[in-house]
Amino acid sequence: IRNGVGVDSVDIRAARRRHIAVCNVPDYGTEEVADHALALALALCRQLFPLDAQAKSLRWGIPDESRLRRLRELTFGVVGLGRIGTAIALRAKALGFRVVFYDPYLPNGVDKAIGIARERRLEDLLRRVDVLSLHCPLTPETRRLIGQRELALLKPSAFVVNTARGAVIDKAAILEALRAGRLAGAGLDVVEDEPLKNAAEAATPNLIVTCHAAFCSVESKLEMRATSARIARAAVLGEALENVVN
C-alpha cells in the first residue's frame, strides 16, 4: 500500500507479475492540494509576497503594479482533470476565473458537466492561459511535460503553479524563464530533484516555493493513515481491496 497518491516510486509491473496488488490513497488530500494550488495562484495574481517584503522594508508603495491582476479577466488553465484538477477548476471558477482544461484521457462532455472550457491540445492551452496549474501524475509521458519549448508558448505575464510532481516541469527551464523575465511568476510546491539545491536557485525572482506540503493538514494525514490501515485489514482478511492501481 502506497501511503499517498503517487505510485511512481513503486515497480507496478513487477508487482503485477508476482500477483501482488498495489494500492494507493488517491483522495486523502484532494481538498488540501486544491486549496494550496489556489493559494499559490492568488498569491501570484495579487503579488502578496513582494508587497509583504515592500511593507516590511518600511517602503510604503506598490513595487510592480503591472503584475497585479483582476481575476475575472484571467484564464485559469488546468492540466489533468482528475480529483484534484476538478476541485481546483471549481474553486477557480467560483472566484471568477475563466477556466479551461487539458486532459486527453477524459471522454467528451466533461467540460459541459462542470461548466468549463476544454482544449484538445496542450499547446493551445498554454497559449491561452494566464495561470497554468498542473495536476497530472508523473509518468514517462508527463516527465518534463513543461520544458523550455512549452514555457515559451506561455504569455510573459503568465503564472505557473505546480502541486503535482516536481519532474512534470523541467526545473532548469522554469528557473531560467523566471530569471530572464519570460515568465511573470511561479508557485511550486514540488520541484524536480527536490529540495532546492543552492542559494542561486532559492534567489530566483518571482518564485514561491513550499516544501511539498500541499497535501498536509491534520485531517488529511488522519484520513491517509486510516485508509491505508483499512486496505491492509482487508488484505489480511481476504476481502475486496480499494484503490488497486495494477
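Which residues in α2 meet which residues in α4? Hello everyone, let's take that one together, and please keep in mind that we are looking at a predicted model.

On the α2 side, the residues are Thr30, Glu31, Val33, Ala34, Asp35, Ala37 and Leu38. Their counterparts in α4 are Arg83, Ile84, Ala87, Ile88 and Arg91. If you want to find the helices on the screen, α2 covers residues 30–45, and α4 covers residues 83–94.

Now, how do the two pack? Two packed helices are described by the angle between their axes and the distance between the axes. Here the angle is about 50°, and the axes lie 9 Å apart. Angles from 65 to 115 degrees would count as roughly perpendicular and those under 35 as roughly parallel, so α2 and α4 are oblique to each other. The crossing itself is right-handed.

Let's follow α4 to its strands. Together with β1 and β2, helix α4 makes a β-α-β unit, and that unit is right-handed.

So where does β1 sit? This strand spans residues 75–79, and five of its five residues are buried. Both of its faces are covered: Thr75, Gly77 and Val79 are buried on one side, and Phe76 and Val78 are buried on the other.

And β1 has strand partners to show you. One is β2, residues 98–102, which runs parallel to β1 and is joined to it by five bridges. Within that pairing, Val78 has Phe101 as its bridge partner. Another is β4, residues 131–134, also parallel to β1, with four bridges between them. There, Phe76 is partnered with Val131.

Key:
Residues numbered from 1 in each chain as written. Predicted model: local features only at pLDDT ≥ 70, side-chain atom pairs only at ≥ 80, totals over all residues. Heavy atoms only, no water. Buried < 20%, exposed > 50% of the residue type's maximum accessible area, 1.4 Å probe, protein only. Helix = DSSP H or I, 4+ residues; strand = E, 2+ residues; numbered from the N terminus. Pairing = 2+ DSSP bridges. Right-handed = clockwise from strand over helix to strand, strands pointing away. Axes fitted to C-alpha atoms, helices over the stretch in contact; angles between N-to-C directions. Parallel < 35°, antiparallel > 145°, perpendicular 65-115°, else oblique. Left-handed = near helix turned anticlockwise from the far one by under 90°. Contact = heavy atoms within 4.5 Å.
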